[in-house]
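Good morning, and thank you for the time. I would like to guide you through a few residues, one by one, with the structure on the screen.

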Amino acid sequence: MQKIWKLRTPDKALQNILAHELNISPVTAGLLVNRNITTPDAARNFLKPSLSQMHDTNLLPDIDKAAWRIQKALKNKEKVLIFSDYDADGLTALAVLKAAFNMLGLKHEHYLPHRLKEGYGLNLNFVKYAHQAGINLVVTLDCGISNFKEIEELKRLGIDTVVVDHHQPQDGKLPCAVAVVDPKRQDSKYPYSELAGVGLSYKLACHLLNDVLEDQLDLVSIGTVADVVPLLDENRIIVKEGLKKLNSSPHIGIKAILDVAGVKKELTTEHIGYIIGPRLNACGRIDSSEQALSLLICSLESEAQELAKQLHAKNLQRQRIESEIIEEALQLAQNTDFSKNRVIVLHKDNWHKGVLGIVASKIADRFYRPTVVISWENELGKGSARSSANFHLFEGLLKCAEHLQGFGGHKHAAGLSILRNDIDGFRESINKVAFETLSAQDLIPALNVDLELKLADFDLDLVAQINMLAPFGQDNPKPLFASYGLEVRSKPLLQKKDTLKFWVSCGKFTYPAVGFRMGEYADLVSSSKAVDLVYRLSIDTWQGNNQLQLEIEDIKPS
């Protein structure tokens, strides 16, 4: 699909001030301005994030109530249970709080719901289990904010609940828990609302122990990146510091994952997103997530290696299942009347529920439209939704609530349950919302290009300065640049994995341009004397070359 290039133009005055005050390249200064970092102090904090910049835990709503209730359980030797989500965010959140409880000397047990059998969040079967097990206190992680019925039933049975969740409260309502630690509460005074579930678990652990718990930051960074929250503010600090820990002395289980995957390079957020996160998630997608938790908390290298091999095998199984469903979903999506549907709604009997979110994400990326993928089991459907630009999924689903049995999530991702008879009404309703909020322009893929560069601007120091903006991820993507009228100096080569490579020149300087999975553009390059490119600047370190190269994002004939 043809992409729109949106070239940003940073405020020149601000760009010059930052370049002068911080002694950085105007290019780097322009990148900061494009990220709404417009003062020297804010720029210094962004380029050199540190744990000293973290916000005071006392500002979190109900944090003192939560700590008081947990300390009471410790003093009275009550039975405590931590209930957490089964994904990488929930698993790391659970591992971090378990470590904190162990340091406190608080005996506890945990409960991970089975994604396929129980679904997301608390359920009445769990309530029954907690009552029969004599639990006095339940602490929920990465869930709980919308479990009104279950928490009310726990209270009726004499069981207190502390909710630690980062999801949006529905209509501002809160469950009847002893404490609800959620920075998205309407009354929250916490300066940053976008922490992942593991980020909140970490903040609670720090509050309980009055410590920064640097040893846990590798796990906190993994859950933060895997949950695709914005890598700004505290999340940026967490991931920056967490990557240091991952590259020096990670938890034994994480080291085992990397060993089995054959990773030997310095780790970045991409390694978390494409290697560590998927392996932790694979367990819960296929079966129980207990193996993944065991890996995160184990202390024996031999046990970690065996568990890592099991997770690797589960991930391969997940990939096979996912590939089959994506192929079927693509066929259904291609039959969609896009003139009447700005949201793609796909459904089929007995699709594996564990991979629906990934499938929805792939379809949304392919067609650049919000996508809902539903699997039917008899008359009940369970679904996952992923968004495209400018469509807030949670708010959209809120307007379609009459057609749903339940839902939850945030701007970019959501889950839902629906009866088969309601599918047509839901499709009509969600598309009505989309037609009101999305323009035709919103449905064309866009590349937000940071700056136009000349090849004469390139040098290794510039790449080093650009990398000061790392860690890259949600809301802080790798910078994209555009160059126009570049002379094609070589025939395009097709390398492994459909990689396109050719050389471009401005007359004075010549550099290699590489397009991963862009073999389809070979004919365009062959027939063009000059091209316009959108790209990322990187260094090719193959065989110690340290050669500057352009990693192509899009190509147009000049």
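In which helix does glutamate 150 lie? Please bear in mind that we are looking at a predicted model. Glutamate 150 belongs to helix 7, which covers residues 148–156. This residue is buried and yet forms no salt bridge. The nearest side chain of opposite charge is that of lysine 149, at a distance of 4.9 Å, whereas a salt bridge requires the charged atoms to be within 4 Å. If we leave out neighbours within four places in sequence, glutamate 150 is in contact with Leu122, Asn123, Leu124 and Val127.

Let us turn to cysteine 143. It is found in the loop that runs between strand 4 (137–141) and helix 7. Is cysteine 143 buried or exposed? Its relative accessibility is 0%, so cysteine 143 counts as buried, the limit being under 20%. Residues up to four places away in sequence aside, cysteine 143 touches Phe83, Tyr120, Gly121, Val163, Val164 and Asp165. As for phenylalanine 101, it is 42 residues from cysteine 143 in sequence, and the two C-alpha atoms are 19 Å apart in space.

Finally, I come to the surface. Lysine 496 sits in the loop between strand 15 (493–495) and strand 16 (499–505). With a relative accessible area of 75%, lysine 496 is exposed, since the term applies over 50%. On the surface, Lys496 gathers with Lys362, Lys497 and Arg517 in a patch of positive charge.

Thank you for your attention.

Conventions
Residues are numbered from 1 along each chain as its sequence is written. This is a predicted model: local features need pLDDT of at least 70, side-chain atom pairs count only at pLDDT 80 or more; totals for chains, interfaces and linings use all residues. Side-chain values use heavy atoms; hydrogens and water are left out. Patches are made of residues with over 30% relative accessible area and no salt bridge: like charges are joined within 9 Å, nonpolar side chains (Val, Leu, Ile, Met, Phe, Trp, Tyr) within 5 Å. Accessible areas come from the Shrake-Rupley method with a 1.4 Å probe; for residues, only the protein chains shown count as cover. Lys and Arg count as positive and Asp and Glu as negative; His and the chain ends are not counted. The place of a charge is taken as NZ of Lys, CZ of Arg, CG of Asp or CD of Glu. Helices (H or I, at least four residues) and strands (E, at least two) are DSSP runs, numbered from the N terminus. Buried means under 20% relative accessible area, exposed over 50%, partly exposed in between (1.4 Å probe, protein chains only). Contact means heavy atoms within 4.5 Å.
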